[in-house]
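Thanks for coming. I have one structure to go through today, so please look at the screen and I will start with a question.

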Amino acid sequence: MTAVELARIITAVVFIGIGVTHFVPLVVRGMAAMVPHVFRGRPFSARGWVWVTGVAEIAGGVGLLVPPTRAAAGIALAVFLVCVFPANAHAARHRERFGVFAVPFWPRLAMQVALIALVLWVGLG
């Protein structure tokens with residue numbers, strides 16, 4: 001097994017696992033609070049956005065494991081990571097409200113860039 005194959009499996013499992021947590025009621029409440037007000041009701045409620053992002057993470061993780069969808073999944077996950085960053089930035093600005101969900105802005109941005117590079121590497125590699 002090559003390094004990219006091992007990284008792909010680990011990345012897929014992590015995305016699937018994190019996606020599943022988007023359906024755990026306690027986690028949903030915390031994540032829903034992170035959704036910036038401008039996105040609420042457009043077109044989903046805050047909880048709806050959490051569920052949609054959970055489905056996206058699960059689908060992306062599974063897609064990484066299926067050769068015909070691997071490249072599309074890697075690209076889609078990269079786009080997804082860009083799209084969810086506003087919620088992470090919102091949480092970073094309000095750390096007192098979000099606790100462990102609120103990674104400080106600059107480390108979160110660096111982590112997001114690294115994750116984008118990772119999903120592109122394992123999806124296109």
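This is a predicted model: local features need pLDDT of at least 70, side-chain atom pairs count only at pLDDT 80 or more; totals for chains, interfaces and linings use all residues.

Is Trp106 buried or exposed? Trp106 has a relative accessibility of 62%, so it counts as exposed.

First, the overall picture. The protein chain is built from six helices and zero strands. Its radius of gyration is 15 Å, close to the 14 Å that the globule rule gives for 125 residues, so the chain is as compact as a globular protein of that length. Along the principal axes, the C-alpha atoms fill a box of roughly 45 × 30 × 25 Å. Of the 125 residues, 38% are buried. If we take contacts between residues at least 6 apart in sequence, 64% of them join residues at least 24 apart. The accessible surface of the chain is about 6900 Å², and carbon and sulfur atoms account for 77% of that.

Now helix 1. It runs over residues 3-21, which is 19 residues, and spans 27 Å from its first C-alpha to its last, close to the 27 Å expected at 1.5 Å a residue. Which residues of helix 1 are buried? They are Val4, Ala7, Arg8, Thr11, Ala12, Phe15 and Gly19. These residues cover an arc of only 135° around the axis, which puts them on the same side of helix 1. On the face turned away from that buried side, helix 1 carries the exposed residues Ala3 and Val13. The cover over the buried residues of helix 1 includes helix 3, helix 4 and helix 6.

The structure holds three aromatic pairs. In one of them, the ring centres of Phe85 and Phe105 are 5.5 Å apart and the planes sit at 65°, so this pair is edge-to-face. Phe85 belongs to helix 4 and Phe105 to helix 6, so the pair ties together parts that are 20 residues apart in sequence. Phe105 also pairs with Trp106: the centres are 4.9 Å apart and the planes are at 90°, so this pair is edge-to-face as well.

Phe105, at 31%, counts as partly exposed.

Last, two prolines in loops. Where is Pro43? Pro43 is in the loop between helix 2 and helix 3. The peptide bond joining Arg42 and Pro43 is cis, with omega about -10°. For context, most peptide bonds are trans.

The other proline is Pro67, found in the loop between helix 3 and helix 4. Pro67 has a relative accessible area of 58% and is exposed. How many residues separate Pro67 and Gly123 in sequence? They are 56 residues apart in sequence, and their C-alpha atoms are 9.1 Å apart in space.

That is what I have. I am happy to go back to any part of it on the screen.

Definitions and conventions: Residues are numbered from 1 along each chain as its sequence is written. Side-chain values use heavy atoms; hydrogens and water are left out. Helices (H or I, at least four residues) and strands (E, at least two) are DSSP runs, numbered from the N terminus. The expected span of a helix is 1.5 Å times one less than its number of residues. Buried means under 20% relative accessible area, exposed over 50%, partly exposed in between (1.4 Å probe, protein chains only). The arc is that of the directions from the helix axis to the C-beta atoms. Contact means heavy atoms within 4.5 Å. Rings of Phe, Tyr and Trp (its six-membered ring) pair if their centres lie within 6.5 Å; planes under 30 degrees apart count as stacked, over 60 as edge-to-face and the rest as tilted. The radius of gyration is taken over C-alpha atoms; the globule rule is 2.2 Å times the number of residues to the power 0.38. Accessible areas come from the Shrake-Rupley method with a 1.4 Å probe; for residues, only the protein chains shown count as cover.
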